[in-house]
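The sequence and structure come first.

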Number of protein chains: 2
Amino acid sequence: MLSYFPNFPVPKPMKPKASTPLRSTADFARHVGLARTTVSRVLNGQPGLKQKTIDRVQRALAETGFTPNAHALHLKGKRTAMVGICVEDLLTPPAVRKLASLQKLLRDRGFSSLIEVFAPGKGREVVRHFLSMRVEAVVFIGHFHREEIEARIGELIAHGTPHLVIDHFGLKNAHTVSLDRAAAMAAVVDHLLGLGHRTFGLLAIAKAPASRYDRLTGIQAALRAHGLNFAGCTVTLDPLHERDNDFDYGRKLAGSFLQLAHRPTALVALNDEIAIGALRGLQEAGLNLPRDMAVTGFNNQPIAAMTTPTLTTVNQNIDTTIATAAEILVAQLDAPPRAKPMVRMITGELVVRESTGPARTA
Amino acid sequence: MLSYFPNFPVPKPMKPKASTPLRSTADFARHVGLARTTVSRVLNGQPGLKQKTIDRVQRALAETGFTPNAHALHLKGKRTAMVGICVEDLLTPPAVRKLASLQKLLRDRGFSSLIEVFAPGKGREVVRHFLSMRVEAVVFIGHFHREEIEARIGELIAHGTPHLVIDHFGLKNAHTVSLDRAAAMAAVVDHLLGLGHRTFGLLAIAKAPASRYDRLTGIQAALRAHGLNFAGCTVTLDPLHERDNDFDYGRKLAGSFLQLAHRPTALVALNDEIAIGALRGLQEAGLNLPRDMAVTGFNNQPIAAMTTPTLTTVNQNIDTTIATAAEILVAQLDAPPRAKPMVRMITGELVVRESTGPARTA
DNA sequence: CTGAAAGCGCTTACAG
DNA sequence: CTGAAAGCGCTTACAG
């Protein structure tokens with residue numbers, strides 16, 4: 001870490017490794033008994049070398065475990081083949097799945113990944129670190145503080161470094177790929193409307209950050225298409241409990257919904273965790289699901305097929321998202337910077353399971 | 001990526017960025033109107049500079065977004081402050097939690113993390129890449145092919161690069177921190193014995209890779225302490241289904257156990273996923289849990305508190321593991337290489353919930 | 001504060 | 001195949 005980035009500890013100079021004999025190609029060439037130039041040629045697979053020489057070098061390489069210094073290579077202009085990935089956190093399963101998928105895809109194309117958690121307020125340092133490492137592109141996965149990420153993207157564009165944002169829709173000038181959450185939520189609500197539901201509890205959806213408002217848009221659109229008024233048929237109790245977006249938050253929210261004089265017949269949750277917590281909360285109170293209440297999740301995590309009842313939810317189609325991400329990155333790597341940001345929407349898929357059934361006729 | 005690692009694509013030379021004006025401190029110094037040397041002093045916080053000069057440089061730094069080339073810094077001997085992390089995969093929740101926790105801890109100490117998935121057969125490339133990047137240490141998280149990881153660790157030791165293995169116990173000469181799975185499993189079985197259980201179905205435990213045999217050791221020890229014979233009171237049906245270690249594998253296994261003429265009264269699973277799948281499988285067949293069958297998991301993932309019944313499982317105490325990992329790393333960074341490998345065991349914690357109850361007296 | 005110089009570990013012409 | 005040289009972007013004495 002560079003010391004002139006204020007919040008990082010001052011680095012001590014690297015102490016020489018006592019037991020490492022071969023630090024440079026010069027050392028190594030001496031060890032093999034060849035010229036530096038010749039060794040370099042072998043290492044880079046250049047033509048015009050005797051097979052015998054090549055074998056000699058390869059053998060010594062294997063024996064000594066000598067590794068040329070990547071930093072010197074990059075200084076000489078060799079591409080770094082590194083991509084910086086900023087991830088919102090490493091604890092949200094869908095975000096980690098995207099990270100895993102992207103990392104593998106990049107690896108298969110010969111890129112290594114520098115991965116950092118983009119904590120609020122730390123974005124500047126993270127991106128500067130990536131730039132100092134001369135990464136060939138920076139990818140953001142997740143939702144971030146809007147102004148902070150827009151500032152970072154501005155810097156990257158000024159630097160001529162390609163970027164891509166996965167999931168955070170609606171950022172100015174940003175290349176983006178994200179799930180069409182509006183359409184997905186509309187599909188969820190449509191499904192519930194078709195089952196006769198007319199009153200909906202929204203779990204952790206109503207007061208979402210601006211970038212997530214598209215979920216609300218979708219819900220509103222679906223209701224409007226059925227001639228229903230959003231305010232009249234939705235309820236949110238989000239502020240009643242400390243918001244965590246986890247199982248327990250869903251459980252507590254479900255408990256609160258049971259206190260209402262007029263309960264909604266369906267609960268629509270931000271994610272599978274909240275939905276599963278709600279299932280549990282409702283069952284603890286003695287409700288028979290889905291007869292007494294419909295519940296929907298989001299993300300289609302594997303656990304959604306294992307709960308009782310199994311959970312109706314939305315599949316994000318992560319593979320499609322990442323394949324599209326690769327396209328957008330490649331487009332930038334191969335071509336000059338473009339004026340118009342590339343923005344792609346991925347279509348989710350409603351997965352109907354047991355947690356949604358016909359609305360109880362009161 | 002270096003081209004002389006056979007399996008990687010040949011790198012193309014990096015094309016110069018058209019729109020990046022300031023590529024070096026020389027450029028930047030010219031832009032600010034100061035000498036390279038002066039700029040370098042400011043960047044490194046050296047004394048003897050007028051505040052006015054410092055401010056001038058800092059302002060220009062902020063305005064231009066100039067970032068000094070980390071590779072050149074490292075060439076000059078500045079430490080890389082990088083740690084390479086090899087992770088078994090990015091889809092196993094406890095492994096990802098360890099990764100997240102370790103990454104944060106390293107970040108807080110000023111290290112950045114190079115993260116790679118250590119796929120079987122790819123270990124050599126991954127470690128060589130880390131070495132070429134001159135990382136200050138390499139950490140392995142998970143279980144690996146024994147010979148492959150031992151070979152890698154041998155290389156690291158020869159290189160004088162510190163290493164640490166998290167979770168893979170019993171490797172030759174390796175600094176290791178891992179959960180005491182034997183003790184944890186003994187605690188699970190003890191608990192079940194205390195409830196009167198005498199016959200146990202083992203789910204994905206019996207034929208585990210060598211490094212996981214410690215679970216079996218623990219089970220055997222607990223049974224022996226109660227005067228019971230392992231072979232006589234355990235059953236495994238692992239080979240009946242394609243092994244996935246996920247929900248569905250547990251569900252299928254549970255179904256197979258129900259076919260047995262003499263069913264065990266308790267199912268002991270490798271992880272929470274398999275246990276939860278088993279809960280589901282048993283309930284689908286109409287069993288009343290835990291009355292008709294006890295089930296235990298492993299890892300204490302959040303979902304374990306949300307299933308019906310909630311799941312008895314083992315907490316890994318990941319924070320302790322990672323704190324210990326940090327100690328072992330620091331010990332190596334600060335001191336000369338030591339002859340004896342450091343090996344630490346972390347104690348897990350049995351978490352009793354609803355999925356285990358008194359054995360049904362047949 | 002400036003400027004010229006050396007050197008970190010590499011690659012790449014260039015002459016032998 | 002060898003060897004001497006230049007240069008990538010930095011830092012660090014050293015003399016002005």
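The model discussed here is predicted.

**DNA strand C**

By that criterion, 26 residues lie around DNA strand C, and those that come nearest are T25(A), R36(A), K50(B), T53(B) and K76(B). Among the atoms of DNA strand C that come within 4 Å of the protein, 62% are from sugar and phosphate.

**DNA strand D**

DNA strand D is surrounded by 26 residues, of which K50(A), T53(A), K76(A), T25(B) and R36(B) are the closest. Sugar or phosphate makes up 61% of the atoms of DNA strand D within 4 Å of the protein, and bases make up the rest. At least two residues of the nearby surface are supplied by each of α2 of chain A, α2 (36–43) of chain B and α4 (70–75) of chain B. The classes here are 10 nonpolar, 11 polar and 5 charged residues.

| Protein atom | Atom of DNA strand D | Distance |
|---|---|---|
| K76(A), polar side-chain atom | base nitrogen | 2.9 Å |
| S40(B), side-chain N or O atom | phosphate oxygen | 2.7 Å |
| N44(B), side-chain N or O atom | phosphate oxygen | 3.0 Å |

**Helix α3 of chain A**

T53(A), listed among the residues closest to DNA strand D, is also one of the buried residues of α3(A), together with V57(A), A60(A) and L61(A). Seen down the axis of α3(A), these buried residues fall within an arc of 105 degrees, so they line one face of the helix. An α-helix has 3.6 residues a turn, so residues three or four places apart point the same way. On the face turned away from the buried side, α3(A) carries the exposed residues Q51(A), K52(A) and E63(A).

The cover over the buried residues of α3(A) includes α1 (25–32) and α2 (36–43) of chain A, and α6 (123–132) of chain B. One residue of α2 of chain A is T38(A). T38(A) has a relative accessible area of 19% and is therefore buried, the cut-off being under 20%. Leaving aside residues up to four places away in sequence, T38(A) touches L49(A) and T53(A).

The length of α3(A) can be checked against its residue count. Helix α3 of chain A has 14 residues (51–64), which should span 20 Å at 1.5 Å a residue, and because its end C-alpha atoms are 20 Å apart, the two values agree. Just after the helix, G65(A) adopts a positive phi of about 70 degrees.

**A residue of chain B**

A221(B) is part of helix α9 (residues 213–225) of chain B. Its relative accessible area is 34%, so A221(B) is partly exposed. A221(B) and H191(B) are separated by 30 residues in sequence and by 13 Å in space, C-alpha to C-alpha.

Terms used. Residues are numbered from 1 along each chain as its sequence is written. Chains are lettered from A and ligands numbered from 1 in the order in which they are written. This is a predicted model: local features need pLDDT of at least 70, side-chain atom pairs count only at pLDDT 80 or more; totals for chains, interfaces and linings use all residues. Side-chain values use heavy atoms; hydrogens and water are left out. Helices (H or I, at least four residues) and strands (E, at least two) are DSSP runs, numbered from the N terminus. The expected span of a helix is 1.5 Å times one less than its number of residues. Buried means under 20% relative accessible area, exposed over 50%, partly exposed in between (1.4 Å probe, protein chains only). The arc is that of the directions from the helix axis to the C-beta atoms. Contact means heavy atoms within 4.5 Å. A residue is near a molecule or strand if one of its heavy atoms lies within 4 Å of it. A polar contact is a pair of N or O atoms within 3.5 Å; within protein, one must be able to donate a hydrogen and the other to accept it, and residues adjacent in sequence count only if both atoms are side-chain atoms. Ala, Val, Leu, Ile, Met, Phe, Trp, Tyr, Cys and Pro count as nonpolar, Asp, Glu, Lys and Arg as charged, and the others, Gly among them, as polar.
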